[in-house]
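Me: I am new to this structure. Please show me how to read one of its features.

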Amino acid sequence: MMKTVVLDVRARPDAMADFTTAWNTGKPQRGTRISFAAPELLWQVLTARRWQLLKILCGAGEVSIREAARRAERDVKAVHGDVTALLHAGVLEHGPGGGIIFPYDAVKVEFLLQAA
C-alpha cells in the first residue's frame, strides 16, 4: 500500500475542525495531511531545492544529511538548512539511527486559486 502525504492550503478553522472531529470520534483522518494557512507559506517551506530533496528522499528510508547532500549534488550546509526547515514543518522526521526520513512514497499538493 502506497503511503501518501497531502500538503494543502487550508484556513486554520478548517484544519482545526478536522482535528476536533477526529478527537471527538476517535477516528483519525485517512492519510496524512500537512496544512499551511496560505499558499505563500507552502511555497516558503517547499522551495524548488527542498522539493528536489523530497524527490531524492522519497522511498529511500533513513539517510544521513551528508548522503542526502551527495545525492542532491549540493553543499552539506545548504542541505542541512533545508532539512531543518522540512523537519520544523513536519514533512521530514528524525530516524532512529540519527538520519532523516521522508516516510512517504508519494506527495500530493492541493490548493485552490480563485478570484478574490
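Reply: Buried means under 20% relative accessible area, exposed over 50%, and partly exposed in between (1.4 Å probe, protein chains only). Helices (H or I, at least four residues) and strands (E, at least two) are DSSP runs, numbered from the N terminus. This is a predicted model: local features need pLDDT of at least 70, side-chain atom pairs count only at pLDDT 80 or more, and totals for chains, interfaces and linings use all residues. Residues are numbered from 1 along each chain as its sequence is written, and side-chain values use heavy atoms, leaving out hydrogens and water.

Me: Which residues of helix 4 are buried?

Reply: Helix 4 spans residues 65-72, and Ala-68, Ala-69 and Ala-72 are buried there. These three lie on the same side of helix 4, because they cover an arc of only 100 degrees around the axis. The arc is that of the directions from the helix axis to the C-beta atoms.

Me: Why do residues three or four places apart point the same way?

Reply: An α-helix has 3.6 residues a turn, so such residues point the same way.

Me: What covers the buried residues of helix 4?

Reply: The cover includes helix 3 (48-57), helix 5 (76-88) and strand 4 (100-101). Contact means heavy atoms within 4.5 Å.

Me: What follows helix 4?

Reply: Glu-73 does, and its phi is positive, near 55 degrees.

Me: How many helices and strands does the protein chain have?

Reply: Five helices and five strands. Their order from the N terminus is β-α-β-α-α-α-α-β-β-β. Of the 116 residues, 28% are buried.
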